[in-house]
Each structure stands twice: as C-alpha cells, then as structure tokens.
Amino acid sequence: MDSPENIRHTVNTRKIVQVLNASFGTVAEEFKFSAEKVPLFPAYATAESLDAKILQGLMMYGYYEKDKLLGCVGIRNTGEDRLFIIEYLAVLPECRHRNIGRYLVEHALEEICRYKGTVALIETVYENARLRKWFAALGFRERRVDTYPNLPFRVCIMIKNIPPAEEERRGVP
C-alpha cells in the first residue's frame, strides 16, 4: 500500500539513477531534449555525477515498495539564509498518479524543517505547465523565470515558505 512510511534515506546511486533516467526520460522525450543539448538534465544523470552531488551535500530519499525504488527526491542546503533546494524529484512513469510524488515532496519539506530551513526552492522546466500547476497545488509559488543561453527551455523558480517546527515556535532549541 502506498504510504509516506515507505520513504527512507538512500545512497544507492545506481538505483536512483535508474529512476531519474526513466522518469526524466519522459520529460526529455516530450520536450525533445537530448544529452547533447542538455547534458546535465537528470534524464542523463550517471551514478558518478550523482555521487559527486552527494559528496557536495545532496541528501537523497527514496520511496520503496519492498526493496524496489519507485521514486526519489533530494534536498540540498544552499548555505544562504535557511534556503534549501528540492531536486531530483522523480517517480517511475508506471508508478505515477499514486501520490508518491506528493509524499516525497512532503518528506523533503519535513526534512528541510528538521534542518531549520525556512524556504524550499524548486526549479522546473517552465514550459511544463502541468508540473508547475502540480507544484502550485502543493503550495509553491512562482518566484521568477530565468533564461540561460545553454538551455533550450526556460527555468521556473518556485518557492515555498516553511513554517517553523512546533518546538521552534515555542522557543525550544
């Protein structure tokens, strides 16, 4: 049964990369991205590139059904004013529409709160209106849209303010 209890910290980069490649592969196909045009797009991630990100502070969480990884999400502290980035949110195409993505985002937000973060930021393909609408339904709002000369799409930056944990509101350290 699908449940937020199926999420746990994970560092098996080979399994994570399989999920990233399959999940983001559908986006790459829909928007006609290629490894040559967008080499850093998660559809083309490798275990080595993900290992490097983890060494730089990326924390990855996986949604498991028994021992099978169905989805993942990462969080990273930017080091500036309690701002965390949520990245690598992915759910296997055949497992979508089961609330796994929502559970992963909610877990990421809980972890950010646990690390005393107050703002969560996500970056998504602006042209993917369906995904932007989905994030908006989870409480994210558009902050800005950036254009980069090396990317064939615009990047939508969305943020969500995170209320402090109950203990912090009561002044408990």
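Predicted model: local features only at pLDDT ≥ 70, side-chain atom pairs only at ≥ 80, totals over all residues.
Is T10 buried or exposed? Its relative accessibility is 5%, and buried means under 20%, so T10 counts as buried.

The side chain of T10 also has a polar partner. It makes a polar contact with the side chain of Y64, at 2.7 Å. Setting aside neighbours within four places in sequence, T10 is in contact with I16, M60, Y61, G62 and Y64.

## Helix α3

Helix α3 covers residues 100–114, which is 15 residues. From first C-alpha to last, α3 reaches 21 Å, close to the 21 Å expected at 1.5 Å a residue.

How many of the 15 residues of α3 are buried? The count is 11, and α3 is mostly covered. Among the buried residues are I100, Y103, L104, H107 and E111. After α3 comes K116, whose phi is positive, near 70°.

## The nonpolar core

In soluble globular proteins, nonpolar side chains tend to be buried together. Here, the largest nonpolar core has 58 residues. Which of them touch the most other members? They are L20, F33, F41, I75, I86, L104 and F140.

Not counting residues up to four places away in sequence, F33 touches V27, A28, V38, F41, Y44, V125, P152 and F153.

Conventions. Residues numbered from 1 in each chain as written. Heavy atoms only, no water. Buried < 20%, exposed > 50% of the residue type's maximum accessible area, 1.4 Å probe, protein only. Polar contact = N/O pair within 3.5 Å; in protein donor to acceptor, adjacent residues only side chain to side chain. Contact = heavy atoms within 4.5 Å. Helix = DSSP H or I, 4+ residues; strand = E, 2+ residues; numbered from the N terminus. Expected span 1.5 Å × (residues − 1). Core = buried A, V, L, I, M, F, W, Y, C linked by side-chain atoms within 4.5 Å.
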